[in-house]
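Please look through the sequence and the model shown here.

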Amino acid sequence: MFKKIYKTLGRFFDPYKQSIFFFDFRFMHGAFIFFASAAAFLMRAKQPVESLFSNPLVFLPNYLIHESAHNLSWKFVWWMQYPIGHCPGKVPFCIDLGEWLSIVAGSGTEVMVPAMLLLLALQLRGGRMLKPLLFYWLSTTLYNTAVYVSDARASKLFLTSSDMMTNYKPGEVKGDWYNILVPINMLKWDTAIGIVLYILAALSLTLAFYTLWYIITKSEKHIQADRHTDPWETAEIENKKTNNTLEIINPKTLKDPFKDEHGNFLN
């Protein structure tokens, strides 16, 4: 039952077995991923790591996706006019669900675009070639989100309005993540959430370099694999062939024509 579910999900999400779960892993590969991710996390605010996460090349597309998601989502959810948050109390804070969702859509869409493209690449034969770029893009969006989540209470960052024209000095207005976390009573967890996102960003950046190296060094293997119409079916046939071969060469399964069933020589 479990094997059938595994095969069904595998065919659906990774029909050509291109994800890192089907890489030819070695212990040193795992050690590299762990220590490189840890180094990227610890040096996230230092050069050159910070420039890898945040630079003009990735800032513009991320910024446009973020702000466009705010504007477009508001047009779809404006009708959801019922409050969420902590309305009663000495310091009331209410926000309409539609407005809250439009705020979440900014960072949410920014991260989801490269994540969904990464899943889509697995559906394409040879789509593994896009994985280094998409992992890198994903790492930059996770890093940007982590920066703003961690600043929810501190309000030390310069901010830009969704009209892409109005700028605010630090502390002049509250950022998106303040308005996201306060209604769900999670503002005190802003730095903890930021740490988790920083770790995921460091891991994604490491996987970008690792998959690039793996694809280059295993290119011939991938070319051979891409010739198969169905890698899942091919693997099953190869397993059957292996099992049959083992049965044939197993001495216990071979009958000696000069002996009877008790092992005595025939007259």
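This is a predicted model: local features need pLDDT of at least 70, side-chain atom pairs count only at pLDDT 80 or more; totals for chains, interfaces and linings use all residues.

Residues are numbered from 1 along each chain as its sequence is written, and side-chain values use heavy atoms, with hydrogens and water left out.

The protein has ten helices and four strands; these are DSSP runs numbered from the N terminus, with helices being H or I of at least four residues and strands E of at least two. Read from the N terminus, the order of elements is α-α-α-α-β-β-α-α-β-β-α-α-α-α. Of the 267 residues, 34% are buried, meaning under 20% relative accessible area with a 1.4 Å probe and protein chains only. The protein exposes about 17300 Å², and carbon and sulfur atoms supply 69% of that area; the areas come from the Shrake-Rupley method with a 1.4 Å probe. Among contacts (heavy atoms within 4.5 Å) with a separation of 6 or more, 71% join residues 24 or more positions apart.

Two packed helices are described by the angle between their axes and the distance between the axes. Axes here are lines fitted to C-alpha atoms, for helices over the stretch in contact, and angles run from 0 to 180 degrees between N-to-C directions.

How do helix 2 and helix 8 cross? The axes of helix 2 (residues 27–42) and helix 8 (residues 190–217) come within 8 Å, at roughly 135 degrees. That angle makes helix 2 oblique to helix 8, the class left after under 35 degrees (roughly parallel), over 145 (roughly antiparallel) and 65 to 115 (roughly perpendicular). The crossing is right-handed, that is, the near helix is turned clockwise from the far one by less than a right angle. Residues making the contact include Phe32, Ile33 and Phe41 of helix 2 and Ile199, Tyr210 and Trp213 of helix 8.

Helix 8 also holds Ser204. Ser204 is buried, with a relative accessible area of 6%. Leaving aside residues up to four places away in sequence, Ser204 touches Phe135, Leu138, Ser139 and Leu142.

Helix 6 (residues 131–150) and helix 4 (residues 56–77) have axes that come within 11 Å and cross at roughly 65 degrees. This crossing is right-handed. Val58, Asn62 and Ile65 of helix 4 meet Tyr136, Trp137, Thr140, Thr141 and Asn144 of helix 6.

Note on methods: Buried means under 20% relative accessible area, exposed over 50%, partly exposed in between (1.4 Å probe, protein chains only).
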